[in-house]
Amino acid sequence: MEELKTDFSAQANAEGEGAEAASSLSPSGRKKKKFKWDVNYYGILFVIPFFVVYAIFSAYPMVYSIFLSLTDYAGYNREISVIGFENFTYLLDQPRFWQAFYNTVIMFLMTFAPQLCFGLIFAAMFTSKTYKMKLKGLFKGVYYLPNIITATSVAVMFYTLFQQSSGGMWRVLVNLGFIEDGYNLYLYEWPSRILVAFISFWQWFGSTMVTLSAGILGINPAVYEAAELDGANQRDVFFRITLPIIRPIVVYCVVTSTIGGLQGFDIAYLFLGGGPSLSGGRYATETIAVYIYKMAFDTGGEMKYNVASAASVYLFIVCMVVSVLLFRLTNVNEEKQAKRAEKRIWGGERA
Amino acid sequence: MNREAEIRREARREVPLSQRVKHTVVQTLIYIFCVIMLLLCVMPIWLLFVDATRSTTQINQGMSLLPSRYFGMNWDTLMDHDFPIVNAFFNSVIISFCSTGLSLYFSALTAYAFVAYRYKGQNLLYSIILMLMMIPGQLSMIGFYKLVVDMNIYDTYIPLIIPAIAGPGSVFFFKQYFNANFSKDIVEAARIDGAGEFRIYNTMVIPSIVPAIATQAIFGIVGSWNNYMGPLMLISTTEKFTFPMIVQLLKTDRYNTDLGAMALGVFMTIVPLLVIYAIFSRVIINGIAIGGGKE
């Protein structure tokens, strides 16, 4: 606590505000003899609950998971002993783990590519100045609706709708000639995977669209007016102005969707429970998260907490690498600075 | 400037016919596209509702767009099989309201601490919170489970409620809100009047951020309501099941033989959210704009 005072004045000045508070504080900071309660210490007091609870219920479990991944803790084993990286090498030998990894990535791509495309198209349409749309609010509201519904309900809803012979959507597919009568979509690798991806798309497309259109609406109208004066056409405006300006938001969407997609559980777990099964103990729609859950908790499972923890460490590493890469690739820092500058200049007018 | 505007207005008036036709055609196509997407979003829910009012025989005969008259019968079937929907509803209400209440109070407090006070290491602490947002929840899953078992709070709601105090996402949200709306003057005036810091927070700051709290409350309640993996891992007694958890019961043999009842069960689990959305859709959509759009 004592140390905190010393650099205080510099900090406050750097922030450009609270200079008054700084001057009242700095003498006590220099003396450094007697501890004097300062009103700013409430700032520390107020963040304590957050960090204490986080430490107990998130940070400690994380460290504990990492520890467990290095042990032989499985089943009702009471004696835990460290066995090194055995679980990690064990996982690398498991075709089922690799398959789960592949499923996660492929189903994420099948979800996210259309999600981003449609999100951008609809966001562009809803914010277009040339084609002023009516009923925008209604469309947006309905597109976002699926996102609010419980994922488990969504999964079971689609399960009933695509069920062989009784499902309404299944009947539509048969009538349209996409599948033969009596064909069970849930028994085949790609149909079930496509369905899981479709359900995720159905749930998340609206969210992407709303986020992106909020970004476009936040662009200073003066930019568009200038472009219009210069005689830029629709396509140029979209690709050369809109897209570059909202790039940080696109990156935000990509990163959050990627991290969310890599952790996909609810839909994959409740739609087909990871099935159908493939050769070699692999499963067609089993994601990493489903794999982790099944390894540890599924009834009749082996309760391999150590293997599950190791898999979660792998998942964590992948998530970190992907998000760092994405941020690097897109130079989000640079963009942020540009945006901040834009805010400083236009701040008053934009609001 | 005025002249230029006039020229533009002139130009717009004299758009050639072919271009105007093109404009209309494109606009029509856009509307068609939008309506198709609209149907795609609504149809599955509508079909589910229709199935909830039909008998198993009818469902097996094929799809229908119009409701039938077996709603009551399906409901009776569900109740005869002890579908714990009422119980689960109240369980979910307790969990989501308690956890959201805690989350709102403490997240806003944490965010407030970052804007209202200045101390060394503050920026570092805030960057740590931002970083925590990136960590996938699965990493702590097994350790969390073990912790809960060791603390003897397995099969209780404590591990589903208390951790809500530390939500990096909502801290970020409130910080954004404070950045735009917080004014130090009122707080300083209150200090001169001799109000304590906790009192200032409780009686002045909280009432001043009601719009942000309302938005975040809806997100918190919906998020907690929809949480599946946590309760699935930590709750084992059927009486304590939450709303998303009872959905999985519908896929078991006890219910999945009666398709109408099953559809009704799934539909019932959607209804509370449809109601919430019907009331708050505007708040929700604007909330996303604040959370994601404006970094």
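Is A:Arg193 buried or exposed, and what is its relative accessible area?

Analyst: Quick ground rules: this is a predicted model, where local features need pLDDT of at least 70, side-chain atom pairs count only at pLDDT 80 or more, and totals for chains, interfaces and linings use all residues. Residues are numbered from 1 along each chain as its sequence is written, chains are lettered from A and ligands numbered from 1 in the order in which they are written, and side-chain values use heavy atoms, leaving out hydrogens and water.

Now, A:Arg193 is buried, at 0% relative accessible area (buried means under 20%, exposed over 50%, partly exposed in between, with a 1.4 Å probe and protein chains only). Its side chain meets that of A:Glu189 in a salt bridge, 2.9 Å from N to O (a side-chain nitrogen of Lys or Arg within 4 Å of a carboxyl oxygen of Asp or Glu). A:Glu189 is partly exposed, at 29%. Both residues sit in helix H10 of chain A, residues 189-217, four residues apart or about one turn (helices are DSSP runs of H or I, at least four residues, numbered from the N terminus).

Over all chains there are seven salt bridges. In chain B, B:Asp51 pairs with B:Arg54, with closest N and O atoms 3.1 Å apart; B:Asp51 is buried at 10%, and B:Arg54 is buried at 7%. B:Arg191 and B:Glu197 meet at 2.7 Å, N to O: B:Arg191 is partly exposed at 23%, while B:Glu197 is buried at 4%. Back in chain A, salt bridges with shared partners link A:Arg96, A:Glu286 and A:Lys294 into one network.

Note on methods: Helix = DSSP H or I, 4+ residues; strand = E, 2+ residues; numbered from the N terminus.
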